[in-house]
Amino acid sequence: MRPNGSWQAVARKDLLATSLPWRALAYLVTGAVVGVVVLASLVVSLTAGALLTVFLVGVPLLAVPVVAAVPLGAVERRRLRIMDAEPAPSPHRPARPGPRGWLGTRLREQATWRALAYTGLLAVVLGPIELIALTYGLLAPLVMICAPISVAEAGPIVLLKFWPLDSLTEAFAAALLGVAVLVLAAYPITALATAHALLARLLLTSTKAESGERLAELTRSRSRLVEAFEVERRRIERDLHDGAQQRLVALTMTLGLAKVSRGEEAAELVARAHEEAKLALAEIRDLIRGIHPRILADRGLPAAVAELADRSPVPVEVDVDVPGCRNRWSRSPTSSSARAWPTWPSTAEPSKPGCGAGSTAGCSPSRSGTTEWAARTRRPAPGSPGSPTASPRSRAG
């Protein structure tokens, strides 16, 4: 909702011919109802919390308004669609798993405290103002319009407790005035609803700073992802050059020698070439399986990392903790596993600096909502079982 565009819509001469006054009326009516409910909830929770604080039971009740402000903000963002179809994105970051993680993330956000400020304004200021506006801008004109019916049935009346009506003539004059007031009230009611919607959008949607922070985090996440795949590409090139390519060169030389040889020597060279071909084929098959192993798609990241550790020439201890995976055979999300896998073969290689006779690999979620994979190795000292050292960490967004 653009501020200038909103106020220009309120100032239009043909405002009554549009749907904006009706949408503003619906927005104020629902806002008044929500304001009354929020005010009653705040009074009950704060009163109960204050009374029970002596027994230390009411302390959690004092935090109820802070926690309740988050879902209320979601409701208010949905209510904004009554006034404007422009999307109202949530300013909250993805929370860490679990109730404590969710609460910790929300309490550190400015968006939560802005939602709490909006909750207080809605309960104490906006709700009462909208009730008064609806009473005098809608109910009073309707009572004036119904004055002729009241006079015809009950005789002389006192309209709105200050205007005596003794005849039908005065009652019809009051009805005409009520129609005029009802038409003119469309402008202040629409202006009030527009101001409320602009305030709600200001407090409950993403600010420029939060949008910039999200963009920066997304850029860093993509940079980490590109770096991980670049490392994987170099590993594949190295494995092809040092493994299969060398096997194929040896195979070519052996076949060349067999071509110029005779008798048993030629047969021996052909047999050796056959073994070289099988070894080259096995290395290429292992390389292809290492890019995206079948077990990664079937059983997820924990099982794939465990299989990688089983093929390691040195003892490797694997400890994988992926959100949503209870054990090594439970399946993790395919997209997360595909992003994480390229970082593991290079981290778990015994030839990498920092890798010793045993490795421990771990996976845990980071605060920013991405997933962080960490590999820790244990390098044994001469004559001792081993001492722990830290190895590189890899993250994928």
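This note walks through the predicted model point by point.

1. **Basis.** The model is predicted; local features need pLDDT of at least 70, side-chain atom pairs count only at pLDDT 80 or more, and totals for chains, interfaces and linings use all residues. Residues are numbered from 1 along each chain as its sequence is written, and side-chain values use heavy atoms, with hydrogens and water left out.

2. **Confidence.** pLDDT is the predictor's confidence in each residue, from 0 to 100. The protein averages 75, and 72% of the residues score at least 70. Residues 326–333 fall below 50, yet this stretch has 22 contacts in the model beyond near neighbours in sequence. Residues 350–397 are also below 50, with 121 such contacts. A contact means heavy atoms within 4.5 Å. Where pLDDT is low, the predicted coordinates should not be read in detail.

3. **Overall make-up.** The protein has 14 helices and 6 strands. These are DSSP runs numbered from the N terminus: helices are H or I of at least four residues, strands are E of at least two. Of the 397 residues, 36% are buried. Buried means under 20% relative accessible area, exposed means over 50%, and partly exposed lies in between (1.4 Å probe, protein chains only). Among contacts between residues at least 6 apart in sequence, 64% join residues at least 24 apart.

4. **Main core.** The largest nonpolar core has 27 residues. Such a core is a set of buried Ala, Val, Leu, Ile, Met, Phe, Trp, Tyr and Cys residues joined through side-chain atoms within 4.5 Å. Tyr27, Val38, Met83, Tyr118 and Leu122 have the most contacts inside it. Helices α2 (20–52), α4, α6 (110–145) and α8 (168–204) each supply at least two residues of this core. The largest share, 9 residues, comes from α2. Apart from this core lies another, of 7 residues, among them Met144, Ala147, Ala171 and Ala174.

5. **Rings and charges.** A search of the whole structure finds 0 aromatic pairs. The rule pairs rings of Phe, Tyr and Trp (its six-membered ring) if their centres lie within 6.5 Å; planes under 30 degrees apart count as stacked, over 60 as edge-to-face and the rest as tilted. Tyr27 does have a charge over its ring: the charged end of Arg79 sits 4.3 Å from the ring centre. That label needs NZ of Lys or CZ of Arg within 6 Å of the centre and within 35 degrees of the ring normal.

6. **Two helix residues.** Arg81 is in helix α4. With a relative accessible area of 57%, Arg81 is exposed. Its C-alpha atom is 9.5 Å from that of Ala197, 116 residues apart along the chain. Ala133 is in α6. At 22% relative accessibility, Ala133 counts as partly exposed. Ala133 and Leu28 are 105 residues apart in sequence and 8.8 Å apart, C-alpha to C-alpha. Leaving aside neighbours within four places in sequence, Ala133 is in contact with Leu138 and Leu192.

7. **A loop histidine.** His92 lies in the loop between α4 (64–83) and α5 (99–107). It counts as buried, at 11% relative accessibility. Its side chain makes a polar contact with the side chain of Glu109, at 2.9 Å. A polar contact is a pair of N or O atoms within 3.5 Å; within protein, one must be able to donate a hydrogen and the other to accept it, and residues adjacent in sequence count only if both atoms are side-chain atoms.

8. **Helix α12.** Why is α12 described as largely enclosed by the rest of the structure? Because 8 of its 10 residues (301–310) are buried. They are Leu301, Pro302, Ala303, Ala304, Val305, Ala306, Leu308 and Ala309.
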